[in-house]
Amino acid sequence: MDEIVKAALKKWPNVPHCWGWLALDARGDWYMRDDRVQAAGPFPRVKGSRILHDKLREFIHRNYLEDESGDWFFQNGPQRVYVELEAAPWVWRLVPGEAAPAITSHTGREARFESAWLDEHGRLFLATDIGLGLVHTLDMETAAGAVESGAWLPQDIRFDELPGRFGYRLSPAAAHAAQLP
């Protein structure tokens, strides 16, 4: 977390959380979802505006975290902005290696492989030392090489089982709304 963000949290510790305004799609792209977009439908059916500004994306990446409930958020100064997830908290980019591909998240964090999972839609998820993520579609050829070589042995799983098994929520906003009186 950036030092400026830590300082803002100390200065303004009671800023309300923000729900539904930021989303991460299955390709590792961030989307802003204002009230109009949220009213038009849930993510990912209605995505919103893709964030293209490099410095803003880098700031989000450095301050992207998980809370104790398995909800992912971006700490934007003193405000916690919860993230709607299309598939998983991480989107993996792969680089071919001697034994198995190197794994890097959409935020640039390196990860170590633990297990591979294939859902009913044919999407490949990897569990790593930093959590579960979806392999980016552009890296499926590299992933196929790891599977064919026996470095990765995917197990079948239904998509709706992944969040519970790996301890994350796709929609913190829906969980929050369900708790309101």
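Which backbone nitrogen lies 2.6 Å from a polar atom of the side chain of D129? In this predicted model, for which local features need pLDDT of at least 70 and side-chain atom pairs count only at pLDDT 80 or more, while totals for chains, interfaces and linings use all residues, the nitrogen is that of R112. Residues are numbered from 1 along each chain as its sequence is written, and side-chain values use heavy atoms, with hydrogens and water left out. A polar contact is here a pair of N or O atoms within 3.5 Å, of which, within protein, one must be able to donate a hydrogen and the other to accept it, and residues adjacent in sequence count only if both atoms are side-chain atoms.

The protein chain has 6 helices and 13 strands, these being DSSP runs numbered from the N terminus, with helices (H or I) of at least four residues and strands (E) of at least two. The radius of gyration of the protein chain, taken over C-alpha atoms, is 17 Å, close to the 16 Å that the globule rule (2.2 Å times the number of residues to the power 0.38) gives for 181 residues, so the chain is as compact as a globular protein of that length. Along its principal axes, the C-alpha trace spans about 50 × 35 × 30 Å. Of the 181 residues, 43% count as buried, where buried means under 20% relative accessible area, exposed over 50%, and partly exposed in between, with a 1.4 Å probe and protein chains only. The accessible surface, computed by the Shrake-Rupley method with a 1.4 Å probe, comes to about 9,900 Å², of which 53% belongs to carbon and sulfur atoms. With a contact defined as heavy atoms within 4.5 Å, residues 24 or more positions apart account for 54% of the contacts with a separation of 6 or more.

Strand β1 (residues 18-24) is mostly covered, 5 of its 7 residues being buried, and β6 (residues 79-85) is likewise mostly covered, with 5 of its 7 residues buried. The two strands run parallel and are joined by 4 bridges, two strands being taken to pair if DSSP finds at least two bridges between them. Within this pairing, A23 stands opposite E84 and L24 has L85 as its bridge partner. Strand β1 also pairs in the antiparallel sense with β2 (residues 30-32) over 3 bridges, and L22 stands opposite M32 there; in the hairpin of these strands, which has 5 residues between them, G28 takes a positive phi near 85 degrees. The hairpin of β5 and β6 has 2 residues between the strands, and in it G77 takes a positive phi near 65 degrees.

An open sheet of 7 strands has the order β9-β8-β7-β12-β11-β10-β13, with mixed pairing. Strands β9 (110-111) and β13 (155-156) stand at its edges, each with a single partner strand, so one side of each is left without a neighbour in the sheet. Within the sheet, β10 and β11 pair in the antiparallel sense over 5 bridges, and A116 stands opposite L126 in β11.

Helix α4 (residues 140-149) has T142, A143 and A146 among its residues as buried positions. Seen down the axis of α4, the buried residues fall within an arc of 100 degrees, so they line one face of the helix, the arc being that of the directions from the helix axis to the C-beta atoms. The cover over these buried residues includes β7 (90-95), β11 (124-128) and β12 (131-135), whereas the face turned away from the buried side carries the exposed residues E141 and E148. Just after α4, G150 takes a positive phi of about 90 degrees.

Two aspartates in loops may be described in turn. D119 lies in the loop between β10 (113-118) and β11 and, at 5% relative accessibility, counts as buried. The side chain of D119 reaches the backbone nitrogen of H121 at 2.8 Å, and, leaving aside neighbours within four places in sequence, D119 is in contact with F125, I157 and F159. D129 is found in the loop between β11 and β12 and, at 33% relative accessibility, counts as partly exposed. Leaving aside neighbours within four places in sequence, D129 is in contact with A111, R112 and E114, while D129 and C18 are 111 residues apart in sequence and 28 Å apart in space, C-alpha to C-alpha.
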